[in-house]
Amino acid sequence: MAIRNRLYPAPRQQPLLREHCAHARRVWNLAVEQQSWWWPGRGSAPNAVERYRQLAEARKAEAWLGAGSSSVQQQALRDFDRAMATFLDPANAAGRPGYRSSRGSQGFAVRDTKVRRINRRWGEVYVPKGGWIRFRWSRPLPEKLGTARVTCDRAGRWHVSFPAPQRPVARQRTGKMTGIDRGVATALVTSDGQHYRAPRVSSREAARYLALQRRLARQGKGSRRRERTRQAMAVVAARVADRRRDWAEKLSTRLVRDNDVIVLENLNIAGMTRKPASKPDPARPGSFLPNRARAKAGLSRGILASAWGVLSRRITDKGEASGVQVIFVDPRFTSQQCHACGHTDAASRDSQAVFACVWCGHQDHADRNAALNILARGLTLTVGELVPAHAAGHSAPCPHQPAPAAAGTTQAA
Ligand SMILES: [Zn+2]
């Protein structure tokens, strides 16, 4: 977790920040390169101490690097060491630290952060060689500042973030449990029948993005114009990402506040298997909608998928901090299984919206049926822990007797 505030470097400060980013990237990439030469049996890989010595040498050899801040460069090595340690930790699924491109988002870290407040809205953070840089004090900072991270996203916006523990959500035990299904159309549906829409790409945004994408394809590699197009695409993507982040923040707070147990699909198992088939063209039977429609669908699908990723991460973080149990279950066949009788059959799912069991005739909203199955799977994993909730007199709904909730109610989150 980190507290992230928007940073507003003055125009004269920006080149130096960019240089810090470039140095941090260069040092990181050198470390990646060096690590890639090593393989088992070739003796030990260079350790941290050895690398710091090499960094000192590189600073002597490359005037450009030598002129930069050694603190920023050393911090990049520390970042790499940490990434390597995470990669080698069998309990962690993190991948091997790879090369960083000058195209992605950029950043560097500042140790022993110094911050001063200017007024209620603005503060300043000290960056080596760059001096004090203004940031918007929009979120309260942690007491201990630790290592701050300065980043520049692809849309050219700067942020400064400070590591901080997740604050618990203000809540009381509710005795409520919910299962959440990733709907194809509505982002998510809870087992009590609530539908939540993720922020969408507007048609205007999609049209602009696709037009830029086509322009990019025509432009020469490495040209200035191409770079400008790329930047414009990043601006559109950033706007959508902001809405998505905001949505995930609000909705995760609400779900954690209202439920003692939240059951989610385990994404690692499901992967991104829910690919909608190409859409038949209603005007011309037997043919499919043109590429452009598919491209737009692809765009929104990607955004929906990442909205889900952000949301489930935020639910996990906030749940952990607030004493809410968050359980991940295998989602396979949850959409084809009847919640009433347990019969699993693809034929029961004859439309996107309706579940009608071919075995017992049970009918429900398809996503809610899936959400109930997800909840039930989660509960089988926690049966022991649910007893105290009943004993304490909380009205926990039985997994097989869903609380009567209006299916299909839609809430803007
Ligand atoms: Zn059934």
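**Disulfides, helix packing and loops**

Q: To how many disulfides does the count come?
A: The model is predicted, so local features need pLDDT of at least 70 and side-chain atom pairs count only at pLDDT 80 or more, while totals for chains, interfaces and linings use all residues. Residues are numbered from 1 along each chain as its sequence is written, and side-chain values use heavy atoms, with hydrogens and water left out. A disulfide is a pair of cysteine sulfur atoms within 2.5 Å. By this rule, the count is 0 disulfides.

Q: Which cysteine has the sulfur nearest to that of Cys21?
A: Cys21 is in no disulfide. The nearest cysteine sulfur is 6.4 Å away and belongs to Cys152.

Q: Is Cys21 buried or exposed?
A: Buried means under 20% relative accessible area, exposed over 50%, and partly exposed in between (1.4 Å probe, protein chains only). Cys21 has a relative accessible area of 3%, so Cys21 is buried.

Q: Which class does Cys360 fall into at 40% relative accessibility?
A: The value for Cys360 is 40%. Because this lies between the two cut-offs, Cys360 counts as partly exposed.

Q: How many helices and strands are in the secondary structure of the protein?
A: Helices (H or I, at least four residues) and strands (E, at least two) are DSSP runs, numbered from the N terminus. The protein comes to 10 helices and 15 strands.

Q: At what angle do helix H1 and helix H4 pack?
A: Axes are lines fitted to C-alpha atoms, for helices over the stretch in contact, and angles run from 0 to 180 degrees between N-to-C directions. H1 covers residues 14-37 and H4 covers residues 70-88. Their axes are 8 Å apart, and the angle is about 40°.

Q: What does that make H1 relative to H4?
A: Angles under 35 degrees count as roughly parallel, over 145 as roughly antiparallel, 65 to 115 as roughly perpendicular and the rest as oblique. The angle is about 40°, so H1 is to H4 oblique.

Q: In which loop does Lys129 lie?
A: Lys129 has a positive phi of about 70° although it is not a glycine. Its relative accessible area is 54%, so Lys129 is exposed. Its loop is the one between strand E4 (122-127) and strand E5 (131-136).

Q: Between which strands is the loop with Phe333?
A: Phe333 is a residue other than glycine, and its phi is positive, near 70°. The loop that holds Phe333 is between strand E12 (325-329) and strand E13 (354-356).
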